[in-house]
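This briefing is meant for someone opening the structure for the first time.

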Amino acid sequence: MPQLTRDEAQTRARLIDVHRYEVDLDLTRGAERFGSRTVIHFTARTGGDTFVEIRPAELHSVTLDGRPLDPAALDDNRLPLTGLAPGAHELRLDAAMHYSRTGEGMHRFTDPADGESYVYTQLFMEDVQRVFAAFDQPDLKAVFALSVQAPEDWTVLANGRTEHLGEGRWQAAPTPLISTYLVAVAAGPWHSVRTEHAGLPFGIHCRRSLAPYLDADAEEILDLTRRCFDRYHEIFAEPYPFDSYDQAFVPEFNAGAMENPGLVTFRDEFVYRSAVTDTERQTRGVVIAHEMAHMWFGDLVTLQWWDDIWLNESFAEYMGYQVLAEATRGGSGGTPPRKWGTDTWTDFAVARKGWGYDADQRPSTHPVAPTPADVPDTASALLNFDGISYAKGASALRQLVAWMGEKDFLTGINEHFARHRFGNATLADFLDSLARATDRDVHAWAARWLRTTGVDTLTPVVQEAADGTWSVSVEQTGSGDGTRPHRLTIGLYDHDRATPGRLVPREPLSWDLPDDGPHRATGGRPALLLLNDQDLTYAKVRLDPVSWDTALGALSGLPDPLTRAVVWNAARDMVRDGELAPTAYLDAARAHLPHETDLALVQGVLAFARTQIADHYLPLPERHAALTTLTALSRDILRRTEGPEHGTEAGLRLTAVRAFIDSATTPAGIQDWLDDGSVPGGPRLDPELRWRILGRLATLGATTPDAIDAELARDPSATGREGAARCHAALPDPAAKQAAWDALFTTDGEAALSNYLFTATATGFWAPEQLDLLRPYVDRYFTEVPALAAARGPALATAAGRYAFPAPFVEDHTLRLGEACLTDGDPTPALRRKLLDQLDDLRRALRVRAAAGGA
């Protein structure tokens, strides 16, 4: 499919203004296709030629100003509009469109639990063309008037309030001016919980089979929504710009959520069927706050072209964490809905920031705000939805707030909204608004922070004098485009004489790099000196030898979880950079996690130890010992959390149970849990834990296809179906592997896996325990994956590159095959990007193994 280029978009925007779309969708034509009629009202400023985009199953008719056009003129996704005269025009198109099974366009899902069907749109970037005809670029905003014919028992949701006119006919209120990629429809027999807040209708929706689970959490979700809504109105002068606020939890959603104005769509894993930790609930809250931020950042004021995607995502990422923290501290009145297991910024440091650091050290890195020349078309733009645009961008904004002050920052934001409401804006526009709010040189700051790549590394240099004084300076090295200025805090900690193993803080140092020189102090050097305490900047940090020895002995004795997160992230980076043995990280985890009280830290450290250290960074002969260490660590946490389950203790226990299952090297123990339906001392096994155990048993060759099918009969839900696919693919049996492979690489018709079933099958397929059985598939992957990606589109291409990649084979042979695929296999842009990242991770794992003395 031709990709829209920036030059084409600029040319079209100079030629036409788009005013209004009237879209009529017919969802009653069966499970494969739906009807789509579009009327577009637009004006040509001058005479000329352009095109409209649509990707139909069949284009029935087209008229321009009442004059028929030939549907056969459609060239792939572009219908030429030639000889336009200056003035007003009306374009009408009637088409049949394909439903999607990959989460793109109009996705259709039939719930195996009850047979009910649901459809929803995901029109991001260029997928509006899969649903209706459009001049598909973000700076051609228009009013959208939507009508839908649906089955009689369905409810239709849209960007504006919807009205049922009878006999399955629904009409949505026309939108304000919005971009094409933000139009949204969700239709089906939804279970809904509705309320009103600030004079607006609010609603949350899910499929009927999830109704009990949504009802159980409805008050928490709605309370968080109200709190965040109120907090945004406290900090933003511009009021919420749409007529309602619906949140739909939809099946098989590719992203975490999508910021459609007035109708946010979330992946319905956020409707919890099984037990989750408070940190996971907090993550759901962050996503709610993130998507609400988009109502202003992205929906009210929209990027002009995709080079400025950070204006959407970095701001929503930053605001999601900041506003949730403020809203749940009681700032909006009342008692917070629950005591979260962690501060939001601790969770960000552990769960998100490493994503940015990792992405910024790969060959595929890019500036937070790339130049327009770096994003010439939509295909290249799609690749930038990564750890740079989200985690690094949010970190840069947090540093910006620390540097210029929150008051001036918010003043600049509010001016930006006022100047560009319901319009489009660029980086230059935003910086101009900030510059008017402060006397600081934000343009110079942006040049160093937003237009460059790479991660700075900050290392303390501590010197002690004979007279008892000491001094510290900071050595700064950069990767990519040099170093950046940083405003940061240096934490100083001493041993607590009264309580061995605990550390007490001194007054911290405030530091500006590169301006501040050596700091000289009296009173003896601290036991631990920590750069970037409170994690206000974006940089890798190192510890001096004395501080590192202190951390190894007393890390869990640091009083603030965010401080502990900075130390754990330093250790993580040192492992990845070959400066700390992976076994040393495991030893630190074994020593300190049994005493850790912060859920986000326990979850993050265990995840890195299990998925990166055990599976990639340690030589294969050492993997069994690493897993044994992790099961022993999990037992320690389980012993500590015995007794009545509530709050953090229950979350720690659940985290330990999951880690024990995932690290089990024999079926002993976890098979007993499955047979008994419970972990001794709790918790009872819910569907998530049962499938987790069965998946591990399958990998170990300790279960059968019949046992998997019996579990599916017990849990015939969508997640049960995914669990069964994962388990069948994990069986160490040649026939099971071949069947899974055939399913993954089938591209035609109903036999082709949906996006979620593809991911489930791929994650079950590869296992370090099964290298001999799986080895023939390594070559096959690189031979066959380009055709799969080309046939099934960007979403499946991304999944194939991420989940189906033969990651357990940390070998030079895998590297050579991957490099040959990039050179000779002609992978699609989405697949190429994932392969580049996977191969870079593979090179890093090989280097770490070499540094540790293993093969």
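Leaving out residues up to four places away in sequence, which residues does Val350 touch? In this predicted model, Val350 touches Ala565, Ala600, Leu601 and Gly604 when those neighbours are not counted. Val350 belongs to helix α5, and the C-alpha atoms of Val350 and Gly604 are 5.8 Å apart in space although 254 residues separate the two in sequence.

- Two packed helices are described by the angle between their axes and the distance between the axes.
- For helix α5 (residues 344–351) and helix α13 (residues 561–576), the axes come within 9 Å and cross at roughly 10 degrees; because angles under 35 degrees count as roughly parallel, α5 is roughly parallel to α13.
- On the α5 side the contact is made by Trp345, Thr346, Ala349 and Val350, and on the α13 side by Pro561, Leu562, Ala565 and Asn569.
- Helix α6 (residues 353–360) has seven of its eight residues buried, so this helix is largely enclosed by the rest of the structure.
- The buried residues of α6 are Lys353, Gly354, Gly356, Tyr357, Asp358, Ala359 and Asp360, and what covers them includes α5 and α13 as well as α8 (388–404) and β29 (540–541).

**The largest nonpolar core**

- In soluble globular proteins, nonpolar side chains tend to be buried together.
- Here the largest nonpolar core has 279 residues, and the members that touch the most others are Tyr232, Met319 and Phe409.
- Apart from its neighbours within four places in sequence, Met319 is in contact with Tyr232, Ile235, Phe236, Ala293, Phe297, Leu324, Phe409, Leu410 and Ile413, a list that includes both Tyr232 and Phe409.

**Aromatic pairs and charges over rings**

- How many aromatic pairs does a search of the whole structure find? The search finds 53, and one of them joins Phe236 and Phe417 edge-to-face, with 5.1 Å from centre to centre and 85 degrees between the planes.
- That pair links distant parts of the chain, since Phe236 lies in the loop between α2 (211–235) and β17 (245–250), whereas Phe417 lies in helix α9 (residues 406–420), 181 residues apart.
- Both partners are enclosed: Phe236 is buried with a relative accessible area of 3%, and Phe417 is buried with a relative accessible area of 0%.
- Phe765 and Trp766 also form an edge-to-face pair, with 5.0 Å between the centres and 80 degrees between the planes; Phe765 is buried at 0% relative accessibility, and Trp766 is buried at 9%.
- Arginine side chains meet rings as well: the charged end of Arg12 sits over the ring of Phe51, 4.6 Å from its centre, and Arg108 lies over the face of Tyr99, at 5.0 Å from the ring centre.

**Backbone features**

- Most residues other than glycine have a negative phi, and most peptide bonds are trans.
- A cis peptide bond, with omega about 5 degrees, joins Leu513 and Pro514, and Pro514 is placed in the loop between β26 (509–513) and β27 (519–521).
- Gly682 and Pro683 are likewise joined by a cis peptide bond, with omega about 5 degrees, and Pro683 lies in the loop between α18 (670–676) and α19 (687–699).
- Glu252, in the loop between β17 and β18 (257–258), has a positive phi near 55 degrees; because buried means under 20% relative accessible area, Glu252 counts as buried at 5%.
- Gln534, in the loop between β28 (528–531) and β29, has a positive phi near 75 degrees and counts as partly exposed, at 28% relative accessibility.

**A residue in helix α24**

- Glu784 is found in helix α24 (residues 771–792) and is partly exposed, with a relative accessible area of 24%.
- Leaving aside its neighbours within four places in sequence, Glu784 is in contact with Trp741 and Phe745.
- The C-alpha atoms of Glu784 and Asp223 are separated by 48 Å, and the two residues are 561 residues apart along the chain.

Methods. Residues are numbered from 1 along each chain as its sequence is written. This is a predicted model: local features need pLDDT of at least 70, side-chain atom pairs count only at pLDDT 80 or more; totals for chains, interfaces and linings use all residues. Side-chain values use heavy atoms; hydrogens and water are left out. Rings of Phe, Tyr and Trp (its six-membered ring) pair if their centres lie within 6.5 Å; planes under 30 degrees apart count as stacked, over 60 as edge-to-face and the rest as tilted. Helices (H or I, at least four residues) and strands (E, at least two) are DSSP runs, numbered from the N terminus. Buried means under 20% relative accessible area, exposed over 50%, partly exposed in between (1.4 Å probe, protein chains only). A charge sits over a ring if NZ of Lys or CZ of Arg is within 6 Å of the ring centre and within 35 degrees of the ring normal. A nonpolar core is a set of buried Ala, Val, Leu, Ile, Met, Phe, Trp, Tyr and Cys residues joined through side-chain atoms within 4.5 Å. Contact means heavy atoms within 4.5 Å. Axes are lines fitted to C-alpha atoms, for helices over the stretch in contact, and angles run from 0 to 180 degrees between N-to-C directions. Angles under 35 degrees count as roughly parallel, over 145 as roughly antiparallel, 65 to 115 as roughly perpendicular and the rest as oblique.
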